[in-house]
Amino acid sequence: MMELEKLKVLLEEKYVNISEVYSDDELSKKQDSYLLENNFIIGLNLKNVDIKDIVNQILEIETLKYLYLNNVNICFEDRLFFKCQNLQSLDLSSNRLKELPKELFELKNLQYLNLSGNELNELPKELFELKNLQYLNLSGNELNELPKELFELSRLSQLIFYDRFSINKDNEKVNKINTIPNEFINLTVLTYFRLDEEYLSSFYKTAYENGLENLKNTIKQKIEQGTSQLYEAKLLFVGEPGAGKTSLMEKIINKNYVLKDKSNEVSTLGIDIKKYKFNYQDVEFRTNMWDFGGQQIQYMSHQFFLTPNSLYVLVGDDRKQHTDFDYWFHIINLLSDNSPILVVLNEINHKSITNFDLKAYKERFDTHIIDLENIDLSKMDAKYDVVKQKIESMLFNLPHIGDELPAKWVDIRNDLNKTAENDYYISFKTFKEICEKHGLDNNSYIKTLSNHFHNIGIFLHYSEDTNGLSEIIFLNPKWVMDGIYSVLADKTVNDNNGKFTKEWLFDFWEKHTNNYPDDIKNKLLTLMLKDKFEISYKLENEDTFISPQLLPSILTYEYSWNYSNNLFYRFQYPFMPKGIVARLIVRLNHLIIKENNIELVWKKGVIFKYQNAKAQVTEKETKEGLKVIDISIDGDRFDSQNLLSKIKNEIENIHRKSFPNLNFEEMIPCICDKCIKEKPHYFSFSTLKNYISKEKSFITCEKSVNDVSIAKLLGNVIIKDDESKESQLLEYIKEKGLNVNIINNNSSNSSTNVSDSMNMNQTQTVEITISQTINQVLSELSSLKRKVEDDDKEEIAEIINEFKELGENPSKEKIIESGLLSDLKDKISEFDETMQETGQVISKTSKAIQSAKSLGRTYNELASLCGLPNIPFFIVKE
């Protein structure tokens, strides 16, 4: 049995000093640590330690229960685990394993198994013999299906195939799982299940999006009811006002429809929905045609009604050539989950000279089927027949058509179609009665079906709402949107910059042509508010509401903002959908600053206040043409970080709820001396993540050309215990041996602005971070020692020993007095001179050069903390 001292000696050869922890939970979080029980080693965490040549010796520890070997460069050979039969937790993540060693399957006591970040493309059946498994993580592999035998692991409570935050160097690895076997319901104690929904078929994707219980209920219903096929789809006509969308829709339904005089035609407000049936390949097909109004004010609702599993017909007026093809393709791409797009150019009495480049759009939006047709709606010629046939063919060939659904769902859907011919809405109680009529009387099954129909756009039902919406199902979305858009289009509301009272609103709906009944008015108003359509918000202590999209474009009230010493943050978009800032205003309206009884808010901006910090949030366009949301925060550092966290969380919630496929970058501000005094240079989060994945600790500011610690960049914009992406990346940095001073939620902070806080933070960093920086120097010296010639090895070993003699927490004065940094600086400069003179690299390897440069950058950080000269940037740069 391996003794502790023997293990320590073994690991010291790897320049690893392990320390004791006191619980298995601490062990899992702290690398280079061990856990004892009755003086026996029962746990080891060797994450990120290269143990390839000593793995067999470590695995001889018979008493091991917990073993974490994340990213340890292991290469499995026969009979690796024959001594570790007591293992309960095993982490083999990020080791690029293409197959699993057969000895793994002998660990019958195993409860926790992490195999994420490897290169597995199939799971061996022997894995499913580990009947005690409770946790299994397979994210970041290359699996395409879920074996039925997997679901025989009846004790599994957590099953993971996808982790949206991954530091893996190879980001292309992903499990592309399309379907979920019926055997999934055998996992009766499963409480956590994650996979990448992007690759799921539409039926399973909708079920998965509504939660684990919903997914189980959906599969159970397929098993219990048998299946039927539903031939129905949604057809959406989109484009600019006056392009001919309504005319084309009417002509498809009725070839003899008489076109209206353009001069007298009123552009569609909101949406118009009509039903259309046709026969295709001996099947009766039913489609719901949605004609979208093209007014700018309606663009905010696109996220609610432009849905997946639909056919999009983009109508362009070929005479005027004013169609914003870029906008429509971007918004369809964002919201439709790769639905097909048919571009129809309306060329009434006009020969086509279109500005639409089909080839270019096919290349840019290559995940969509894109086709192009011309039509002259004033003539019923062959072009009309081609367009009509193309629409019917593309509808019939949508991926979800013919999906096997629970049989009763199809019957209930047909019944709802008949009900919708006479009723705009029904109570949830009536919906339950319809379900029960068809033999569906399980309440959880009925809720699952309601969620499914809501998600695919058959009706609107907010089952979790506590303000009365859960009691009603809207069968006719047009009827709902007519009421809402008529308010936004009303001259009185527009002249009042989006402000209206509840009394005025209800009176307006009373006089509306739809004559909305009293019991519906409150529900329509609720739909306009936070967490639903988010079009309006209620003023505090008033019965008055504001729609931010109708506010003035600029704030007429004069206010001053000093950008010096602000905390900055930026969301940057290649394409920004309409209304994100307006919805942010609705969500955080309680934080809007009032001056002289005037709210500091306008169409594309707002000023928030939280405790002793205030934030300016604005939507703008950069010189490069990129859309951004800029956040500038002035005030107490701790309160500033809290306010930034609130704003970021709401923006990310908007993304997640309405634009899950949105392409954007979170931009982290530089904190070098130059940037904290003026508007900063920004680093993209993805760039920082890439640097860390390459184990680089610093990045260069393009303004000052100074190196900046990535850990400190992240620490500047987060608070302790924050669950943001920045916090997760920071945790990864800490695992690599770096550290950063983070403000604690419970700490008090008397500083009044970010500049004072930054100065205070620099002082604290000298006191708190200096020992961690020395540890980093030691780690990099050890790494360099392994890569240089023998003569240099001895000299580096001497420097390492002298650093260790300084003790655990040496003061700045003690480090300066020792002269060690001066010796280290000379040694690094000597390496550079040697390379310059000989034209060769240390130990004939480029790895030694990179180690020396990395050591130089870490030296510069420690030297700066101690107030000593740095090594010139050109010597240590990447």
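Which residues in α18 meet which residues in α19? The views below come from a predicted model, in which local features need pLDDT of at least 70, side-chain atom pairs count only at pLDDT 80 or more, and totals for chains, interfaces and linings use all residues. Residues are numbered from 1 along each chain as its sequence is written, and side-chain values use heavy atoms, with hydrogens and water left out.

**View 1. Packing of helix α18 (residues 580-587) with helix α19 (residues 637-658).** Ile580, Arg583, Leu584 and Arg587 in α18 meet Ile647, Glu650, Ile651, Asn653, Ile654, His655, Lys657 and Ser658 in α19, where contact means heavy atoms within 4.5 Å. The residues of this contact divide into five nonpolar, three polar and four charged. The helices, which are DSSP runs (H or I, at least four residues) numbered from the N terminus, pack at an angle of about 120° with their axes 10 Å apart. Axes are lines fitted to C-alpha atoms over the stretch in contact, and angles run from 0 to 180 degrees between N-to-C directions.

**View 2. Surroundings of Ile647 in the largest nonpolar core.** Of the 103 residues in this core, Phe608 and Ile647 touch the most other members; a nonpolar core is a set of buried Ala, Val, Leu, Ile, Met, Phe, Trp, Tyr and Cys residues joined through side-chain atoms within 4.5 Å, buried meaning under 20% relative accessible area (1.4 Å probe, protein chains only). Leaving aside neighbours within four places in sequence, Ile647 is in contact with Leu584, Leu588, Phe608, Ala615, Val617 and Ile631.

**View 3. Helix α12 (residues 428-437) against helix α13 (residues 443-455).** Their axes come within 11 Å and cross at roughly 110°. Phe428, Phe431, Lys432 and Cys435 in α12 meet Asn443, Ile446, Leu449 and Ser450 in α13.

Notes. Helices (H or I, at least four residues) and strands (E, at least two) are DSSP runs, numbered from the N terminus. Ala, Val, Leu, Ile, Met, Phe, Trp, Tyr, Cys and Pro count as nonpolar, Asp, Glu, Lys and Arg as charged, and the others, Gly among them, as polar. Buried means under 20% relative accessible area, exposed over 50%, partly exposed in between (1.4 Å probe, protein chains only).
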